[in-house]
Amino acid sequence: MRLSKTFIKTLRAAPKDETAANGALLTRAGFIHKEMAGVYDYLPFGLRVIENIKAIVREELNKTGAEEVLMSALQNPELWEKTGRFSDQNVDIWFKTNLASGGELGLAPTHEEPITNMLKSYVSSYKDLPISVYQFQTKFRNELRAKSGVLRGREFLMKDMYSFHTSEEDLNKYYIEVEKAYERIFDRLGIGNETFKAFASGGIFSKYSHEYQTFLPVGEDTVYYNEDKSIVLNKEVYNNDVLVDLGAEKEKFEEISAAEVGNIFKLKFKYSEPLELKFADEENNQKIVYMGCYGIGISRLMGVIAEKFADDKGLIWPEAVAPFKYYLIGIGDKGLKEAEKIYRKNEDIMLFDDRDIRNGEKFADAELIGIPYRVVISDKTLEKDSVEIADRKTGKTKLVSIDEFKKSCK
Ligand code: ATP
Ligand code: MG
């Protein structure tokens, strides 16, 4: 992408109404645009980050045998009334609206009801199971507080996956496959070392559910971390019963702020029973399908990664999610010409700062936007047939021969 051609402009100051660091930085650097509290647009850089996150999640979930779909956001109240979840008393974050032809509609805050209902059309026998289905989908939640930038949106992108099984053992087996996939996902996103599978309350069907919590000073959650045993508990389960159950002592836990980036849940019959999702077993008995559900906050992850790695100069993207690998700057006539040549062969991975502005501004924007490597080609580097590569994370620069650099672009 050429910076001279994009409509995006970086901003020197953070917008006044944006109190969260992730929101302020992502706005200044041109990744997002705020519509109103908790409602954001994704601009070209931001969309590339989102797509990179999705690609990693998609790849790892496909390895578990899951299939991707895309379901509607518009929800039929009748379905949700069967589980008691259309009522504002039970679910207090609904956005509801009316049909012109009469009757109410809801905007999906999650998808357990519609997916369970959808699968009634496709599941009849034990031979049809197991099934795992996921989507990247826009959720709507009328959150009371939306002051955390993209960490808490009223409209946000979630990956939600639902699995369907003939037995509890099969659900348990798949649950472990998803745990492994989640570990690979957070590792690849660059936050693996500070993202923990935390014990959370399991509701009525299993002892625990699990949240994936990334340590983050501005995170809205508080978790309790026992480094020796590598156990993390969320607030709900940091109590004596659970501590005894896990064989851990209360004093050995440290209180840490974190952001929930995902969660996994054994639902068992919670939705399949009221919605009557059944299968015929080998003896032709009608049985209720076992379910699990598995979420990841895609847009929240963009905010978590942005906030976690930023410094006082701007964003610092891990290579796997960065919108581009290189930020290219040509200085001087020869430097500009050579940069142009290299850019044309590598448009996909380069953000080419070909704007007619001072070099100092280009350097400042390179740091603000946070592309992993800044590449400068100048008359001076060309004297040595080289380019200068600066690592955004360490700030270190080195000269690399042009040939070697071209090879690294492949
Ligand atoms: P939270 O406790 O943060 O409200 P939740 O328990 O309501 O999360 P789920 O309904 O399980 O979350 O959604 C799955 C994932 O979607 C969460 O782990 C989180 O990463 C993300 N998420 C939930 N609510 C929001 C939101 N309002 N904005 C952005 N991401 C969200
Ligand atoms: Mg919530």
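Tutor: Ser230 is placed in the loop that runs between β11 (221-226) and β12 (231-234). This is a predicted model, and in it the phi of Ser230 is near 50 degrees, a positive value in a residue other than glycine.

Another loop, between α4 (112-119) and β7 (131-140), holds Pro130. The peptide bond that leads from Leu129 into Pro130 is cis, and its omega is near 0 degrees.

A positive phi also occurs at a glycine, in a hairpin. Strands β1 (residues 32-36) and β2 (residues 39-42) run antiparallel and are joined by four bridges. Within that pairing, Ile32 has Tyr42 of β2 as its bridge partner. Two residues lie between the strands of this hairpin, and Gly38 takes a positive phi near 75 degrees there.

Next come the strands of an open sheet. It is made of three strands, in the order β4-β6-β5, with antiparallel pairing. Its edge strands, β4 (74-75) and β5 (95-98), each pair on one side only. Between β5 and β6 (residues 104-107) there are four bridges, again in the antiparallel sense. Here Asn98 stands opposite Glu104 of β6.

That leaves the ligand itself. Ligand 1 sits in the largest pocket. Two elements each give two or more residues to the shell around the ligand, namely β8 (155-165) and β13 (254-268). Of the elements, β13 gives the most to this shell, with four residues.

The ligand is surrounded by 13 residues in total, and the closest of them are Arg141, Glu143, Gly153, Glu260 and Asn263. Sorted by class, the shell consists of five charged, four polar and four nonpolar residues.

At Gly153, a polar backbone atom is 2.8 Å from a nitrogen atom of the ligand. As for cover, ligand 1 on its own has 580 Å² of accessible area, and the protein covers 81% of it.

Notes:
Residues numbered from 1 in each chain as written. Chains lettered and ligands numbered in written order. Predicted model: local features only at pLDDT ≥ 70, side-chain atom pairs only at ≥ 80, totals over all residues. Heavy atoms only, no water. Near = heavy atom within 4 Å. Polar contact = N/O pair within 3.5 Å; in protein donor to acceptor, adjacent residues only side chain to side chain. Areas by Shrake-Rupley, 256 points an atom, 1.4 Å probe, with all protein chains shown as cover. 1 Å grid on protein atoms, 1.4 Å probe; cavity = no way out; pocket = protein on both sides within 12 Å on 5 of 7 lines; lining within 4 Å. Sits in = over half its atoms within 2 Å of the grid points. Nonpolar A, V, L, I, M, F, W, Y, C, P; charged D, E, K, R; others polar. Pairing = 2+ DSSP bridges.
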